Amino acid sequence: MKAGVIAVQGDVAEHAAAVRNAAAAHDESAEVVEVRDAGIVPDCDVLLMPGGESTTISRLIHREGIAPEIEAHAASGKPVLATCAGLIVCSTDAKDERVEPLGLVDVSVDRNAFGRQKDSFEAKVPVAGLDDPFHAVFIRAPAIDDVGAGVETLATVDGRPVAVRDGPVVATAFHPELTDDPRIHDLAFFPEREVVA
C-alpha cells in the first residue's frame, strides 16, 4: 500500500508511523511518501491530511497544485484520513475566508471550538466501529457545527461531532497520530478487514 502524507505542514512523521502500524496489523506493509509537490498523489492508494495550521496548509496545497489531485483522489473513492486542521481544510465550510476548503466532507467547522492551546485536553471517546473508546488528543481542536445528510457521525464530545465519515473520507477533530493506537487509521484505511492476531 502506498500512503501519501500531505507534508506541506503538520504531524508528518507521526502519521507515517501510525499508518505503518495499521498496515502491519493486517500483515501488510505501507510505503509512506511525503507530498510537498504535485504529481505524487495520483500514485497513492491512501492519503493522510495531518493537523497543523489550516490556513497555511490550504494556501500551500493550492499554490503547489496538490489540491485538485487530493480532490480527484477522493472522487475516485480512494481513502483519505484528515485530522484536526486537515478536517478544516477538507470541509465544505471552514468559516474562515483564509481557508479555501476542498469540500471532501460535507460539514461546517468551528475552528478552535474547544479553546486555545492552553485548553488542549485528552479524553476517552467512544467511536463507531471500535470496540473500546479511543484515547483522543485534542489540541486547539475544531468541532463540527453542521453535518450534511450523507455524513456519518462516528464520535461526539459534549454533543458535538468530532469524528465523521463522508464516503471514502474519515475526518477527526483530534490527533489520532499522537497516540500509540492505530485504530483510527485502521478505520479509515481497512474498514472491512480483520486485524491479524
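These questions and answers walk through a predicted model of one protein chain.

User: How many helices and strands does the chain have?
Analyst: This is a predicted model, and its elements are counted from the N terminus. The chain has 5 helices and 12 strands.

User: What pLDDT does the chain average?
Analyst: pLDDT is the predictor's confidence in each residue, from 0 to 100. Here 92% of the residues score at least 70. The chain average is a pLDDT of 90.

User: Which element has the highest mean pLDDT, and which the lowest?
Analyst: The highest mean is 98, for helix 3, residues 67–75. The lowest mean is 89, and it belongs to residues 12–24, that is, helix 1.

User: What radius of gyration does the chain have, and what would a compact globule have?
Analyst: The C-alpha atoms fill a box of roughly 40 × 40 × 35 Å along the principal axes. With 197 residues, a compact globule would have a radius of gyration near 16 Å. The chain agrees with that, at 15 Å.

User: What share of the residues is buried?
Analyst: A residue counts as buried under 20% relative accessible area. The chain has 197 residues, and the buried share is 52%.

User: What share of the contacts with a separation of 6 or more joins residues 24 or more positions apart?
Analyst: A contact needs heavy atoms within 4.5 Å. Take the contacts with a separation of 6 or more; the share from residues 24 or more positions apart is 68%.

User: How many residues are in the largest nonpolar core?
Analyst: In soluble globular proteins, nonpolar side chains tend to be buried together. In this chain, the residues with the most contacts inside the largest core include Ile6, Met49, Leu102 and Phe138. Leu102 touches Met49, Ile61 and Ile70, among others beyond four places in sequence. The core has 67 residues.

User: Which residues form the aromatic cluster?
Analyst: Rings pair if their centres lie within 6.5 Å. The count comes to 3 aromatic pairs. One cluster is formed by Phe121, Phe134, Phe138 and Phe174.

User: What covers the buried residues of helix 2?
Analyst: The buried residues of helix 2 are Ser54, Thr55, Ile57, Ser58, Leu60 and Ile61. After the helix comes Gly65, with a positive phi near 80 degrees. The cover over those buried residues includes strand 1, strand 3, helix 3 and helix 4.

User: Which residues does UniProt list for "active site", and what is their largest C-alpha distance?
Analyst: The unreviewed UniProt entry lists Cys84, His175 and Glu177. They are spread over 94 residues of sequence, yet they cluster in space. Their largest C-alpha distance is 10.7 Å.

User: Is Cys84 buried or exposed?
Analyst: Cys84 lies in the loop between strand 4 and helix 4. Beyond four places in sequence, Cys84 touches residues including Ile139, Arg140 and His175. Its relative accessibility is 5%, and the cut-off is under 20%, so Cys84 is buried.

User: Is His175 buried or exposed?
Analyst: His175 sits in the loop between strand 12 and helix 5. Its relative accessible area is 5%, so His175 counts as buried.

User: Which residues are listed for "binding site", and how far apart do they get in space?
Analyst: The unreviewed UniProt entry gives Gly52, Glu53, Ser54, Arg111, Ile139 and Arg140. They span 89 residues of sequence but cluster in space. The largest C-alpha distance is 13.1 Å.

User: Which residues is Glu53 in contact with, leaving aside neighbours within four places in sequence?
Analyst: Glu53 is found in the loop between strand 3 and helix 2. Glu53 is partly exposed, at 22% relative accessible area. Its contacts are Gln9, Ala85, Arg111 and Arg140.

User: What is the relative accessible area of Ile139?
Analyst: Ile139 lies in the loop between strand 8 and strand 9. Ile139 is partly exposed, with a value of 24%.

User: How far apart in space are Thr153 and Glu69?
Analyst: Thr153 belongs to strand 10. At 35% relative accessibility, Thr153 is partly exposed. Thr153 touches Val147, Pro161, Ala163 and Val164, not counting residues up to four places away in sequence. Thr153 and Glu69 are 84 residues apart in sequence, and their C-alpha distance is 26 Å.

Conventions. Residues are numbered from 1 along each chain as its sequence is written. Side-chain values use heavy atoms; hydrogens and water are left out. UniProt positions are given in the numbering used here, feature names are shortened, and annotations may be inferred rather than shown by experiment. Helices (H or I, at least four residues) and strands (E, at least two) are DSSP runs, numbered from the N terminus. Buried means under 20% relative accessible area, exposed over 50%, partly exposed in between (1.4 Å probe, protein chains only). Rings of Phe, Tyr and Trp (its six-membered ring) pair if their centres lie within 6.5 Å; planes under 30 degrees apart count as stacked, over 60 as edge-to-face and the rest as tilted. A nonpolar core is a set of buried Ala, Val, Leu, Ile, Met, Phe, Trp, Tyr and Cys residues joined through side-chain atoms within 4.5 Å. The radius of gyration is taken over C-alpha atoms; the globule rule is 2.2 Å times the number of residues to the power 0.38.
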